[in-house]
Amino acid sequence: MPVTSHAADVRLAARCRAGDLTAFEELYRVHSTRLYAVAYRMLGHAEDAEDMLQEIFLLAFRKLSSFKGDASLGTWLYRLGVNACLDRLRSKARRNDQQTEWLDDELPPARATTEAGGGVLHRLDLERALRELPAGCRAAFLLHDVEGFEHREIASMLGIAEGTSKSQVHKARMRLRGLLGRVVTGGSRA
């Protein structure tokens, strides 16, 4: 996350709230790359991540008045972004559950990736495994293990207890280990 001072965050937020377009451009320039990366990892598709990035900054524009300066502006934006991604995933999961329950039994086995003697994981395998995680586990895992946030920060962003964040990250690691182990060995879906 870009390092900014608390005073600089408060000034930037005040300029944005006052309608200073250059301030909002600065906000976008400083935070958009990392927010896009989080959205991409959570949603799994470039187009969805691009749409989500726009949505996150629209939300930020609308909700900047609620930024109190308790956390950094970057943390506040991450909270908005992660929660927007979780809302989209939950909505998509509800729609998919209603439409495709019958497809679950007909999925093909996971593709083995044993190039160069086995044990080689491809980025696509990891991204596919990440998409199979429950939304809460995925968000906590990405924020902790990929983005480097502390559990207390994740708890604040997601509105959960710090212990829940630790538990979600642990569960995500265990599920990823199982999913990626299955891919490497060429196992099939259970």
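Guide: Let's take a few labels one by one and check each against its definition.

Guide: This is a predicted model, so local features need pLDDT of at least 70 and side-chain atom pairs count only at pLDDT 80 or more, while totals for chains, interfaces and linings use all residues. Residues are numbered from 1 along each chain as its sequence is written, and side-chain values use heavy atoms, with hydrogens and water left out.

Visitor: What makes residues 46-63 helix 3?

Guide: Helices are DSSP runs of H or I with at least four residues, numbered from the N terminus. Residues 46-63 make 18 residues, and helix 3 reaches 25 Å from its first C-alpha to its last, close to the expected 26 Å. That expected span is 1.5 Å times one less than the number of residues.

Visitor: Which residues of helix 3 are buried?

Guide: Ala49, Met52, Leu53, Ile56, Phe57, Leu59 and Ala60. Buried means under 20% relative accessible area, exposed over 50%, and partly exposed in between (1.4 Å probe, protein chains only).

Visitor: How do you know which side of helix 3 they are on?

Guide: They cover an arc of only 155° around the axis, so they sit on the same side of helix 3. The arc is taken from the directions from the helix axis to the C-beta atoms. On the other side, Glu47, Gln54, Phe61 and Arg62 are exposed.

Visitor: Why is the contact between Arg34 and Glu147 called a salt bridge?

Guide: The term asks for a side-chain nitrogen of Lys or Arg within 4 Å of a carboxyl oxygen of Asp or Glu.

Visitor: Is Glu147 buried or exposed?

Guide: Buried, because its relative accessible area is 13%. Arg34 counts as partly exposed, at 26%.

Visitor: What makes Glu55 and Arg88 a salt bridge?

Guide: Their N to O distance is 2.8 Å, so the pair passes. Glu55 lies in helix 3 and Arg88 in helix 4, so the pair ties together parts that are 33 residues apart in sequence. Glu55 is partly exposed, at 32%, and so is Arg88, at 25%.

Visitor: How many salt bridges are there in the whole structure?

Guide: A search finds nine. Among the linked residues, Arg15, Asp20 and Glu26 form a network of salt bridges.

How values were computed. Helices (H or I, at least four residues) and strands (E, at least two) are DSSP runs, numbered from the N terminus.
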